[in-house]
Amino acid sequence: MEFFSVMAQVWSKYSHLFLHGLWMTLYMGALTVAISTVFGSILALLRRSNWGIGPFKPIQWIVTAYVEIIRGTPILLQLYFFYFMLPSWLPFLDLSEFACVLIACCVNSTAYVCEIVRAGIQAVDIGQTEAARSLGLNGTQTMIHIVIPQAVKNILPALCNEFIAIVKETSLASTFFIGELMTQFKTINGITYRVLEPLTIVGIIYFLLTFILSKLIALLERRLNASER
Amino acid sequence: MQVNANGNEIIRVEDLHKSFGSLHVLKGVTEHISKGEVVSVIGPSGGGKSTFLRCLNLLEVPNSGHIYFEGTDITAKGVDINIHRQKMGMVFQHFNVFNNLTVGKNITLAPTLLKKKTQAEADEMCKELLNRVGLYDKIDQYPKKLSGGQKQRLAIVRALAMEPEVMLFDEPTSALDPEMVGEVLYVIKDLVKTGMTTVIVTHEMGFAKEVSDRVFFMDGGIIAEKGTPDEVFNHPQNPRTQEFLSKVLY
């Protein structure tokens, strides 16, 4: 069949481009995951804080507003917004296109991770906290030694889904030609005037990537569960 | 073992009120508990028993009133409740053993973290405590593997590891399978014999009658009747107490 033979030709000729795209996708995905896990967790803890005067709780409000706005607008819009906003509002930072897109991805997924972490902490039985507090542990000690270790197990599966979503969402960054897999498709499409063949190759790479990722995380989950048997 | 009320007072509660939203649960409880005294709190569900107990170590913060523990008003502003909680052990209906820690770690975490003991001292005490409740062979297991009765015994010695002055029991046998009630009550009885000041919210009337120095009958957010087990169980004066006891088999 012509489709497969063209696919084979496209692959043999442009494999270096696909591999470079794969590398960029992984690089961007990993950075986004790492950064948004850190900031998302911090925001989730901040959101729990009751710091404020009476009903006026500014930290809670700001974090909640941020999460709601990010979740309520399309990621493509956010990408555009940061891509144009950062260089024009903060020109002295001299950010590259890649940096702008990366920041947009991080801002987006931090909001989702924040929600995941919050839900994970909330799912830990309140009795665990009460028992720890009744022994004289303060709030911070209770979080560190009792709540967070148990919350991690609630958080991990949802975080895994978010990671896979991030890997796929990096494809939207191709709007700005930053070199990840989807950009490579556009490049090869421009050279060969072929659509389906390079698109299928990119699809297979995405699928293998997320499939392997989900299997790895399932393995990690099993390990974590086994430790308490 | 009747203790003089004015003597070794360890807990004093004055006009305690607690509401959850529009639900007024405690409507002015005034009471004192002496050192070494064993007090059982009985009464119908929703009468405020558990809320009263949970107020004693401020797991519930009362809306008004005062709680004095060893002479200190722990409801006052600026009091570090964590210090006082170290001296008040609590055992919960649903055990609340730490699921992420081994049996041994459940016991040693608080004493070592709060600098009451070195790790070696804590380990030594942990061994002793687990032997006392027959759980030493479980020391390296996680609570998931324990039965309800074992979890509750662990929860009791976890509290004892802080060497508290008072032990608070919040319906310690209500969530247990019937055949496990005995083993937990046995441990509590053993503890009471050592002279530990104990407040126990319970539906085990026979047990309350046997171990208590005094019994509080709580209903409608107040202590409706109190006295020695003989007074409350055998000669109740309040019609509500009479009605409650007539409905309860023991």
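Visitor: Which residue of chain B forms a salt bridge with E130(A)?

Guide: This is a predicted model. In it, E130(A) is paired with R54(B), and their closest N and O atoms are 2.6 Å apart. The rule finds 1 salt bridge across the interface of chain A and chain B.

Visitor: Which elements of chain A give two or more residues to the side that touches chain B?

Guide: They are α5 (126–134) and α6 (139–169) of chain A. The most comes from α5(A), with 7 residues. By type, the residues on this side of chain A are 6 nonpolar, 9 polar and 5 charged.

Visitor: How is the size of an interface often given?

Guide: It is often stated as the accessible area that is lost when the parts come together. Here the area buried between chain A and chain B is about 2,100 Å², and carbon and sulfur atoms give 56% of it. In terms of residues, 20 of chain A are in contact with 25 of chain B. Across this interface, 7 residue pairs are in polar contact, both residues being at pLDDT 80 or more.

Visitor: What do the buried residues of α3(B) pack against?

Guide: They pack against α6 of chain A, together with α4 (119–132) and α5 (148–160) of chain B. Helix α3 of chain B spans residues 103–113 and is mostly covered, with 9 of its 11 residues buried. Among them are V103(B), I107(B), L109(B) and P111(B), as well as the polar N106(B) and T108(B). Just after α3(B), K115(B) has a positive phi of about 60°.

Visitor: How many salt bridges does the rule count over all chains?

Guide: The count comes to 20. One of these pairs is K189(B) with E210(B), where the closest N and O atoms are 3.3 Å apart. K189(B) belongs to helix α6 (residues 178–193) of chain B and E210(B) to helix α7 (residues 205–211) of chain B, so the bridge ties together parts 21 residues apart in sequence. K189(B) is partly exposed at 27% relative accessibility, whereas E210(B) is exposed at 53%.

Visitor: Which residue meets R240(B) in a salt bridge of 2.5 Å, N to O?

Guide: That residue is D219(B). R240(B) lies in helix α9 (residues 239–247) of chain B and D219(B) in strand β9 (residues 214–219) of chain B, so this pair also links parts that are 21 residues apart in sequence. R240(B) counts as partly exposed, at 29% relative accessibility. D219(B), at 18%, counts as buried because the cut-off is under 20%.

R240(B) also forms a salt bridge with E243(B), with 2.9 Å between the closest N and O atoms. These two residues are 3 apart in helix α9 of chain B, so about one helical turn separates them. E243(B) is partly exposed, at 34% relative accessibility.

Visitor: Which residues of chain A are linked in a network of salt bridges?

Guide: The network consists of R47(A), E68(A), R71(A), E115(A) and R118(A).

Visitor: What is a disulfide, in general?

Guide: It is a covalent bond joining the sulfur atoms of two cysteines. A search of the whole structure finds 0 disulfides over all chains. For C100(A), the nearest cysteine sulfur is that of C105(A), 11 Å away.

Visitor: Is C100(A) buried or exposed?

Guide: C100(A) counts as buried, at 2% relative accessibility. In chain B, C55(B) is buried as well, with a relative accessible area of 0%.

Terms used: Residues numbered from 1 in each chain as written. Chains lettered and ligands numbered in written order. Predicted model: local features only at pLDDT ≥ 70, side-chain atom pairs only at ≥ 80, totals over all residues. Heavy atoms only, no water. Contact = heavy atoms within 4.5 Å. Buried area = accessible area lost by both parts, 1.4 Å probe. Salt bridge = Lys/Arg side-chain N within 4 Å of Asp/Glu carboxyl O. Polar contact = N/O pair within 3.5 Å; in protein donor to acceptor, adjacent residues only side chain to side chain. Helix = DSSP H or I, 4+ residues; strand = E, 2+ residues; numbered from the N terminus. Disulfide = S-S within 2.5 Å. Buried < 20%, exposed > 50% of the residue type's maximum accessible area, 1.4 Å probe, protein only.
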